[in-house]
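Student: I would like to learn how to read a model of this kind, feature by feature. Could we take one topic at a time, with the general idea before the case?

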Amino acid sequence: MSDLVTTVNPADVIASSDAKDTVSGCHAGADTMKKAAAEAGKSEILEQYAKDYPTGPHDQPQSMCPAFGSLRVGLRMRRTATVLCGSACCVYGLTFTSHFYGARRTVGYVPFDSETLVTGKLFEDLREATYKLADPDKYDAIVLINLCVPTASGVPLDLLPKEINGVRIVGIDVPGFGVPTHAEAKDILAGAMLSYARSEAEQGPVARPDAKSVGRPTVALVGEIFPVDAIMIGRMLEPMGLAAGPIVPTREWRELYAALASPIAAMLHPFYKATAREFTSAGRSLVGSAPVGHDGTAAWLKAIAQSAGVKDEILAKTSNALLPAIKGALAAAPIDARITLSGYEGSELLVARLLVEAGADLRYVGTACPRTPWSDDDRDWLEAKGVQVNYRASLEDDIAAVEEFQPDLAVGTTPVVQHAKEQGIPGLYFTNLISARPLMGPAGPGSLAQVINTAVGNKERFARMESFFNGVGTGEKSGIWPSASGRAA
């Protein structure tokens, strides 16, 4: 795929909403780009995005380029090629970020300039590159992602063939001006792939999943969860005659069929609106929240049992065997600290529930994701415990919470953690240190308490450091100053 990876001068990359009238670059602003995209025939997809991913009172949260979410999903799938179409500077940033997150895959890129964009030659270049790339011996699918400029210019990926040489072609638009967060961009590609797989299954027999059939109804798991959590959920479901199905987003194409065949989809991360729509269209039941903590696990098992038609006595037997172990794990790993929590992964409310049950004095939860029906139980439970829940939280909201509640620990995004540490408050980056840990079942409390209590224990050390370095780098304490001897200090 190296023949697709090309560079282009970002200054030459410009978009045109009307070749005869206005030509503007990707710096034009969200409103201008949205108007251009609508005029170029993208109004339907933008309207759907507005319904699926409504913004907050401040437009949208501050986070990395949303397209990273779709790129991440494609790069994690076996036998799947990913091609970006956008400004060179954007492509560079996205590929850099993907390698930073450990992807060892080539990212395709079809370059363009003002002429190929305005004349439609860019689409022909994309089509030609896709045909060259479509090798069934290497790929099951090719994913093409329009970034801001080609989306605003109306580059019609939907006009590409749905299949070339037996390789599936999936084209999506993921503009920063229409998709609020990278978390929701994961849903865009996951939903598009499920839609494609569902249409294949409706037309006839499809490939059998690699995993051996367990002979029990499965529960598809929606959301990128820690691998141990999937194993734990499988153990929880087994006594009820159920099994854990594939995790969506999947790791290979054939898992999509197995996910759609699952009678129940567990919306562990609640922002997957397009994904939920595909499961609903396939006639599957949706269950919100997740088995975290004692109360969360009890409620989740009950909801799963009701959806699967599990008898009350079997549910009771399963719960009685599992819940005391979780209660014991919580008692063995207490958290005694005031905490504020924020993030953009979509699992913030689940972590918050676990913190509260472990004894933490949690004052605030901010999530960049929107409110959906599948997080309502979590929100209701948290608010009943006196926790402030803020959907579509901005960086300013999260920092204000740290200022107001003066926690012993601030869990959040990088700038929130930076602000907290500048105040002498320990901080933990949510994405790498909290969400990437086991959270569910008996394994959750101990895993979370270990990292939380270790960070809280550093509060005194942070206070000493803050006092020692107070003012360094500001005012007359910045720069290089000469000593009394005339040499640089």
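Student: Is Met267 buried or exposed?

Tutor: Two points about the source come first. This is a predicted model, in which local features need pLDDT of at least 70 and side-chain atom pairs count only at pLDDT 80 or more, while totals for chains, interfaces and linings use all residues. Residues are numbered from 1 along each chain as its sequence is written, and side-chain values use heavy atoms, with hydrogens and water left out. As for the term, buried means under 20% relative accessible area, exposed means over 50%, and partly exposed lies in between, with a 1.4 Å probe and protein chains only. Met267 counts as buried because its relative accessibility is 0%.

Student: Where in the fold is Met267 placed, and which residues does Met267 touch?

Tutor: Elements are DSSP runs numbered from the N terminus, with helices (H or I) of at least four residues and strands (E) of at least two. Met267 belongs to the loop between strand E10 (264-266) and H10. A contact means heavy atoms within 4.5 Å; leaving aside residues up to four places away in sequence, Met267 touches Val222, Tyr272, Ala276, Leu286, Val287, Gly288, Ser289 and Trp374. The C-alpha atoms of Met267 and Ser375 are separated by 8.8 Å, although these residues are 108 apart along the chain.

Student: Turning to strands, which strands pair with E13?

Tutor: Strands of a sheet pair through backbone hydrogen bonds, either parallel or antiparallel. Here two strands are taken to pair if DSSP finds at least two bridges between them. Strand E12 (residues 338-343) runs parallel to E13 and is joined to E13 by six bridges, with Ser342 opposite Gly366. The term right-handed applies if, with the strands pointing away from the viewer, the path from the first strand over the helix to the second runs clockwise. Strand E14 (residues 388-391) also pairs with E13 in the parallel sense, over four bridges, and Tyr364 stands opposite Gln388 in E14. From E13 the chain reaches E14 through helix H14 (residues 376-384), again by a right-handed β-α-β crossover. Strand E13 (residues 361-367) itself is mostly covered, with five of its seven residues buried.

Student: How many cavities of 30 Å³ or more does the structure hold, and how much space lies in the second largest pocket?

Tutor: On a 1 Å grid over the protein atoms alone, a cavity is a set of points where a 1.4 Å probe fits but cannot get out, whereas a pocket is an open set with protein on both sides within 12 Å along at least five of seven lines; lining residues have an atom within 4 Å of a point. Grid points are joined across faces, edges and corners, and a volume is the space filled by probe spheres set on the points. The structure holds three cavities of 30 Å³ or more, and about 60 Å³ of space lies in the largest cavity. Among the residues that line the largest cavity are Phe271, Glu348, Thr367, Ser375 and Tyr391. The second largest pocket holds about 840 Å³ of space; of its 30 lining residues, the closest to its centre are Ile45, Asp158, Gly171, Ile172 and Ala192. Helix H1 (30-52), strand E7 (167-173), helix H7 (182-203) and H10 each give two or more residues to that lining.

Student: Finally, how much of the whole protein counts as buried?

Tutor: Of the 489 residues of the protein, 52% count as buried, and the secondary structure comes to 19 helices and 16 strands.
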